[in-house]
Amino acid sequence: MKWVAFALIIIAVWLIYSRRKGKITMTKEQAGLALGLVRKELAEIENKRQKIIDDGAAEGKTVPIESIFSRFENESDEFVKLEIEKQKQELLNKYGPNLPVDVVYRLMKQWDPNEESPWSDSPGCFERHLQRREGNLMFPPERRIVTHKEIEEAREKDRVEQQKFVDKVNAFVAKIKALGQSATPDQVGDMLKEIQAILEEAASIGGNIEHYVRTLEGTEETLMQSMTEVIQDIEEPLKEIYSLSVSKRSPYIAQLSRIDSPILKEEQLSTLLSEDLQTISLEGYRSRAFAPNYRPNEADISTHLENAVSQGFSKERAAQIMAAWNEIKDE
């Protein structure tokens, strides 16, 4: 706390001095220095606090979920009660009845309007996988621990990658504008292939690039429409090409397929079962369509879920996952 104390002394001295003169005489630079010292000390305190939390998580320390919500037991507002119960169930679905201390600490920050959320609103590929792993009973115990340093490093990786993607999109748009109305059918076809490849790449990157994705999708639609107008009998082949490309734009598939994917080979199933039910359902259909050698299969899913439930994973959520896996029936 020495820096905070020093900063406060500086402020106090200047206030006393200014009172003698009847006015505040601290300059903008001096006030900035004092504020900077306070911020530095607060950052050091947060780093020390985060270290304690990370160490506690590594030691397997947990907090019962019931103790977190016990203060809401006497809540009378029905709407608030429903929201609290919904939030509690979501946490139970992922973490089980006991939450790792690092998860609790990050949740407290997320719920505090005066604190900055530890997670991005639109996480990129590397941060997204940390979110999957965090305290998740689908993953091995050692992979459930996510440190503050890992989050910072993942965010920086994602930031750099997203900026490179934006530069690529801007260069592509400039190329299209340069061609203008003079583009030949072959050039339009090449542009369509390129734009679909970029959209598939976008799915593997994630993050705050939605605006660029929407723009690319609009351009893709325009290119397909222009091709159907000038090339005979191309509509059906174009639909097939489009459908194949869209199937590759699933974030799970795209991120799994990356050469530098953060998803380890041995945790692919854990990752899949941590995705939304629609993604799980589509993978179930794909598994049956390419049976009997395609993995994972239904037996893999069932065994993994049983293991997670034995460690405290929600039985209700496990049942939802299994139902989603079998939802899309073979035609």
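**Entry 1: Burial and overall make-up**

I began with burial: a residue is called buried under 20% relative accessible area, exposed over 50%, and partly exposed in between, with a 1.4 Å probe and protein chains only. By that rule, 38% of the 331 residues of the protein count as buried. I noted that this is a predicted model, in which local features need pLDDT of at least 70 and side-chain atom pairs count only at pLDDT 80 or more, whereas totals for chains, interfaces and linings use all residues. Residues are numbered from 1 along each chain as its sequence is written, and side-chain values use heavy atoms, with hydrogens and water left out.

I looked up the secondary structure and found 15 helices and 2 strands. These are DSSP runs numbered from the N terminus: helices are H or I with at least four residues, and strands are E with at least two. The accessible surface, computed by the Shrake-Rupley method with a 1.4 Å probe (for residues, only the protein chains shown count as cover), comes to about 20,200 Å², and 55% of it belongs to carbon and sulfur atoms.

I then turned to contacts, meaning heavy atoms within 4.5 Å. Among the contacts with a separation of 6 or more, 70% are between residues 24 or more positions apart.

**Entry 2: The nonpolar cores**

In soluble globular proteins, nonpolar side chains tend to be buried together. I therefore searched for nonpolar cores, each a set of buried Ala, Val, Leu, Ile, Met, Phe, Trp, Tyr and Cys residues joined through side-chain atoms within 4.5 Å. The largest has 20 residues, and Phe-165, Leu-192 and Leu-216 have the most contacts inside it. Two or more residues of this core come from each of α7 (148-179), α8 (185-205) and α9 (210-230). Helix α8 gives the most, with 8 residues.

I recorded a second, separate core of 18 residues, which includes Phe-139, Ile-280, Ile-301 and Ala-318.

Which residues does Phe-165 touch, not counting residues up to four places away in sequence? I listed Ile-198, Glu-201, Ala-202, Ile-205, Ile-209, Tyr-212 and Leu-216.

**Entry 3: Helix α15**

In helix α15 (residues 315-325), I found Arg-317, Ala-318, Ile-321, Met-322, Ala-324 and Trp-325 buried. Seen down the helix axis, these buried residues fall within an arc of 160°, so they line one face of α15; the arc is that of the directions from the axis to the C-beta atoms. The face turned away from the buried side carries the exposed residues Lys-315 and Glu-316. Among the elements that cover the buried residues are α4 (78-95), α12 (268-272), α13 and α14 (298-310).

An α-helix has 3.6 residues a turn, so residues three or four places apart point the same way.

**Entry 4: Single residues**

Is Thr-279 buried or exposed? Thr-279 is buried, because its relative accessible area is 12%. I placed Thr-279 in helix α13 (residues 277-289). Leaving out residues up to four places away in sequence, Thr-279 touches Ser-250, Tyr-252 and Leu-272.

Asn-136 is in the loop between α6 and α7, and at 4% relative accessibility it counts as buried. With the sequence neighbours up to four places away left out, Asn-136 touches Lys-94, Tyr-95, Arg-144 and Ser-274.

Glu-156, in helix α7, counts as partly exposed at 39% relative accessibility. I noted that the C-alpha atoms of Glu-156 and Glu-127 are separated by 9.3 Å, although these residues are 29 residues apart along the chain.

**Entry 5: Backbone details**

I looked up the loop between α13 and α14, where Pro-292 lies. The peptide bond from Ala-291 to Pro-292 is cis, with omega near 10°. Pro-296 lies in the loop between α13 and α14, and a cis peptide bond with omega of about 5° joins Arg-295 to Pro-296.

Asp-233 is not a glycine, yet it has a positive phi of about 60°. Asp-233 is found in the loop between α9 and α10 (235-247) and counts as exposed, at 69% relative accessibility.

**Entry 6: The lining of the largest pocket**

Which element supplies the largest share of the lining of the largest pocket? I found that α9 does, with 9 residues. A pocket is an open set of points on a 1 Å grid over the protein atoms alone, where a 1.4 Å probe fits, with protein on both sides within 12 Å along at least five of seven lines; lining residues have an atom within 4 Å of a point. The lining has 39 residues, of which Val-246, Ser-247, Arg-249, Ser-250 and Pro-251 lie nearest the centre of the pocket.
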